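Please follow this account of backbone geometry with the sequence and the model side by side. It goes from one loop to the next.

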Amino acid sequence: GKEIWKLALEGVEATAIAIDKKDNVYAGISPDGIIYRISSSGKSEQYFKTEQKYIWALCFDSKGNLYAGTGVKGNIFKITSENQGSVYAKLPDVHITALAANQKDELFGGTDDNGYIFKVDQNGKVFILFDAPEREIKSVFLDEEGSLFATAIKKNFLIDKSILPSQKSEKKDQKEKSDDSEGTESDEKVSITVTSSTAPAK
C-alpha cells in the first residue's frame with residue numbers, strides 16, 4: 001500500500017501498532033521501548049517511555065486507555081495519557097506478545113517464552129487460561145460471543161553441541177515451568193482456539 005508517514009529513527013523497528021478513536025496511530029518502538037503517537041497529518045511525537053527493551057503489543061480499552069505488552073520482564077503497562085502510565089500487570093514470562101481487550105475492559109493476551117494465554121481482570125489480576133505446547137503466542141482475537149482465538153509458533157533452535165554438558169540428559173516433551181509462577185488459574189470458562197505453525201527462532 002501507499003506510505004502515509006515514516007518515523008525518522010535509526011537502529012530501531014516499529015514492533016507494535018494501535019489506532020485510537022481519533023485516528024491517531026501509536027507505534028511501539030523496539031529496542032528503545034518507546035511509544036510514539038502519529039497524527040493523521042503525519043506529525044509524530046513521543047507519547048510514553050516504558051523503560052523496557054521491547055514493545056510487542058498495543059491495544060485500547062473502551063475508555064481510551066492504552067495498554068502495552070513489553071519484554072523482557074513480562075510487564076503490561078496501562079497508559080492513561082501522554083507520559084502518564086505505570087505497570088498494570090506482570091506475567092510470569094519474558095515477553096507479552098499479544099493483547100486484546102473485551103467490552104468489559106478485561107485484557108486477554110499471549111506470551112513468549114512459555115506460550116501462556118492469559119486474562120487480566122479490571123483490577124489487574126492475572127489468570128493463566130491456557131498453557132500452549134508452543135513457545136510463543138503470536139496473536140489473539142476476541143469475537144462478539146467472547147470466544148478467544150490465538151495463533152502460536154513452535155520455534156526451532158540451533159544449539160552449539162560444544163557448550164552442552166557431556167553427560168546424557170533425557171529429552172523432555174514439555175517445557176519446564178518455574179515453581180514461583182505468579183499466574184493464577186481461572187475458573188471462568190473461555191472458549192480458546194489455537195492455530196500453530198513452525199518458524200525459526202528470531
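Asn83 sits in the loop between β7 and β8 (84-90); strands here are DSSP runs of E with at least two residues, and helices are runs of H or I with at least four residues, both numbered from the N terminus. The model is predicted, and local features need pLDDT of at least 70, side-chain atom pairs count only at pLDDT 80 or more, and totals for chains, interfaces and linings use all residues. Residues are numbered from 1 along each chain as its sequence is written, and side-chain values use heavy atoms, with hydrogens and water left out.

Although Asn83 is not a glycine, its phi is positive, at about 60°. With a relative accessible area of 46%, Asn83 is partly exposed; this term covers the range between buried (under 20% relative accessible area) and exposed (over 50%), computed with a 1.4 Å probe on protein chains only.

A positive phi also occurs at Glu51, a residue other than glycine, where the value is near 65°. Glu51 belongs to the loop between β4 (44-49) and β5 (54-60). Its relative accessibility is 61%, so Glu51 counts as exposed.

Two peptide bonds also deserve attention. Ser30 and Pro31 are joined by a cis peptide bond with omega about 10°, and Pro31 is placed in the loop between β2 (25-30) and β3 (34-38). Another cis peptide bond links Gly71 to Val72, with omega about 20°. Val72 is in the loop between β6 (66-71) and β7 (75-81).

Why are these sites worth noting? Most residues other than glycine have a negative phi, and most peptide bonds are trans.
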